[in-house]
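Trainee: I'm new to this one. Could you walk me through how to read it, feature by feature?

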Amino acid sequence: MEPVYDSSLESHLRRIEGYMRGCLLLTYPRERSALREELAAFILQEGPVAVEEWVALIGRAFNIPEWEWQGIRQGMNDALLRWSHHISNPEDIETYVYLRSHARRGFISQFSASRFLSGQMKLRHMVAERMRDKYAMQPEKLESLTALLQQEFQERLLHITDFFVEAREEDLREQEASYRKSIDNAPAVIFRLDYDVATVLDANIVAERLMGYRRDEMAGMRLWDLVPAQERARAQRLLHETKVRGHSDREDLHLQTRRGDLVPVFFNAGLIEYGHQRFFQIVCVDISDRKRLESQLIQSEKMAAIGQLAAGIAHEIRNPLAIIMNALYDLSEIVDTANPEVREDLQIAKDEMARVQEIINNLLEFSRESRAELERVDINDLLRKTLQLMHKSMQNADVRVITEFGLSAPCMANQNALRQIFLNLITNAVQAMPQGGELRVRTESLPDKRVRIAVSDTGQGIPEEHLKDIFNPFFTTKAPGQGTGLGLSVVHSVVRRFHGDISVRSKIGEGTSFTIELPCQCTEEADAAAFI
Ligand SMILES: Nc1ncnc2c1ncn2[C@@H]1O[C@H](COP(=O)(O)OP(=O)(O)OP(=O)(O)O)[C@@H](O)[C@H]1O
Ligand SMILES: [Mg+2]
């Protein structure tokens, strides 16, 4: 690799020249002179012989295998040539361009600076000895040549020392940058925590994004400030275990973001020690998706099992039911319907039979697998009709209705399925507001051919611990005879059948909001497709 020259070398040279001048080490000015020419010529002439002896000496001293000596010999002769050029013409700095680049990436960068410098010192020694022999008869010349050699050599040593330090600093900076990059780009939240007080020392970009805090805002927060209060003890145990065993992990912790959202994470903590420094490295992997999938899977498996059971039971009951119904009609023909008690009993029996029939229909709907036909449905209109249907009960309960219909075109959907969804959600909302309140029904179209329908009430709300159960069949909080607990499970299975999503938000005493998103091709497009 060819050494490169860059302008920072200039300032390097000037700096060292300044130190030498300041310390009165620069006796001979850095300009061409006869003395400089003579020293350069001497080094060129005697250098190779000195190098010959030198290679054998340092080769043994440093345990360098003999097959490498030739390369070292050649390298040193080239170096002396460049140095002699610099001595005769201080403007020629090629020797330092090479030295600098070799200290960074060349052969000599693999060893310690002291090893390299001791070799250089020995060579200067050998050259000086030869000089003493050659100029033995000219003591004055010998003195000035030796002094110039000493000056140039000292300059060389200072440069080499700085080059070595500079190269190591550069390595460190590169390592630091690549460490930083790999931490920042890791697909996980990473924190570095103080060993004694568990405060954040550093956090990566992913942590900033997920937590909603800047790095400098997190610095100084403790691990407990990043998890919800009720999980503090667990987080403390995680760190304690890490102190004892060197590492630890947990899956039952959450990170609490600036907005207060809880993100389920896999916490992996490690104790890192180097020198007398100790800290914790915490890697947190967001497992929300996995948790969501797991709970969806559990929910749909449960639904499928219950669906099969329900379908079986419903079919079994349907036949005896039909027989009882027939018998009831027969009875009403035969018995004395003039007797009001008998008439009333018969009516009660018929009404209750109708209710049983409805429950069975619900059960069958819940367990129905096949995809129903799509038709052109005006969702706004369907909602309006459903609300009209319930007008009376809403009026009795003092429920005010607010509609915000944002859908502009009819959709391709299944009318019966939608009606069932709306009826159930609106009935639940009305039932949740026995003292009256506000029912809000909203529709809007979303990108990617989806529609959103939201039914919200200002009723009693659903307790947190019930939220995971409300879609389960037969889960009800209503008095016997008032609710079978099938409404929401039917809604859930219908929504899933049409590849939609349902979500619920609720606050005790404030109300509940159910939001449904369904894929729904707008009929404008459907009509256009039919036209083609
Ligand atoms: N809007 C709401 N506000 C408060 N609680 C609700 C609301 N919707 C549903 N719930 C709760 O969820 C439970 C289950 O609802 P779901 O519709 O499945 O059954 P149900 O209304 O009890 O009976 P069914 O609908 O079969 O007559 C309810 O009993 C109630 O506790
Ligand atoms: Mg209901």
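Trainee: Let's start with the ligand. How many residues surround ligand 1, and which are the closest?

Mentor: Keep in mind that this is a predicted model. To read a ligand site, look at who sits around the ligand. Here 21 residues surround ligand 1, and the closest are Ala432, Thr476, Gly483, Gly487 and Leu488. Helix H15 (415-431) and helix H16 (487-497) are the elements that give two or more residues to that shell.

Trainee: And how do the residues of that shell divide into nonpolar, polar and charged?

Mentor: Sort them by class and you get seven nonpolar, 12 polar and two charged.

Trainee: Now helices. What should I look at in helix H10?

Mentor: Begin with length. H10 covers residues 232-245, so to speak 14 residues, and reaches 20 Å from its first C-alpha to its last, close to the 20 Å expected at 1.5 Å a residue. Next, ask about burial.

Trainee: Which residues of H10 are buried?

Mentor: Ala235, Leu238, Leu239 and Thr242 are. Look down the axis of H10 and its buried residues fall within an arc of 90°, so they line one face of the helix. The face turned away from that buried side carries the exposed residues Ala233, Arg237, His240, Val244 and Arg245.

Trainee: What covers the buried residues of H10?

Mentor: The cover includes helix H9 (223-226), strand E3 (247-256), strand E4 (262-274) and strand E5 (277-286). Check the end of the helix too: just after H10, glycine 246 takes a positive phi of about 95°.

Trainee: On to strands. In which sense do strand E9 and strand E10 pair?

Mentor: For strands, check direction, then partners. E9 (residues 437-446) and E10 (residues 450-457) pair in the antiparallel sense over eight bridges. As an example, leucine 439 has aspartate 457 in E10 as its bridge partner. The two strands form a hairpin with three residues between them, and aspartate 448 in the turn has a positive phi of about 60°.

Trainee: One last spot, in a loop. Is aspartate 196 buried or exposed, and why?

Mentor: Count neighbours. Aspartate 196 has 8 C-beta neighbours inside 10 Å, so it counts as exposed, since the cut-off for exposed is 12 or fewer. Aspartate 196 lies in the loop between strand E1 (189-194) and strand E2 (200-203). Compare sequence with space as well: aspartate 196 and phenylalanine 280 are 84 residues apart in sequence and 9.6 Å apart in space, C-alpha to C-alpha.

Key
Residues are numbered from 1 along each chain as its sequence is written. Chains are lettered from A and ligands numbered from 1 in the order in which they are written. This is a predicted model: local features need pLDDT of at least 70, side-chain atom pairs count only at pLDDT 80 or more; totals for chains, interfaces and linings use all residues. A residue is near a molecule or strand if its C-beta atom, placed from the backbone, lies within 6 Å of it. Helices (H or I, at least four residues) and strands (E, at least two) are DSSP runs, numbered from the N terminus. Ala, Val, Leu, Ile, Met, Phe, Trp, Tyr, Cys and Pro count as nonpolar, Asp, Glu, Lys and Arg as charged, and the others, Gly among them, as polar. The expected span of a helix is 1.5 Å times one less than its number of residues. A residue is buried if 20 or more other C-beta atoms lie within 10 Å of its own, exposed if 12 or fewer, and partly exposed in between; C-beta atoms are placed from the backbone. The arc is that of the directions from the helix axis to the C-beta atoms. Two residues are in contact if their C-beta atoms, placed from the backbone, lie within 7 Å. Two strands pair if DSSP finds at least two bridges between them.
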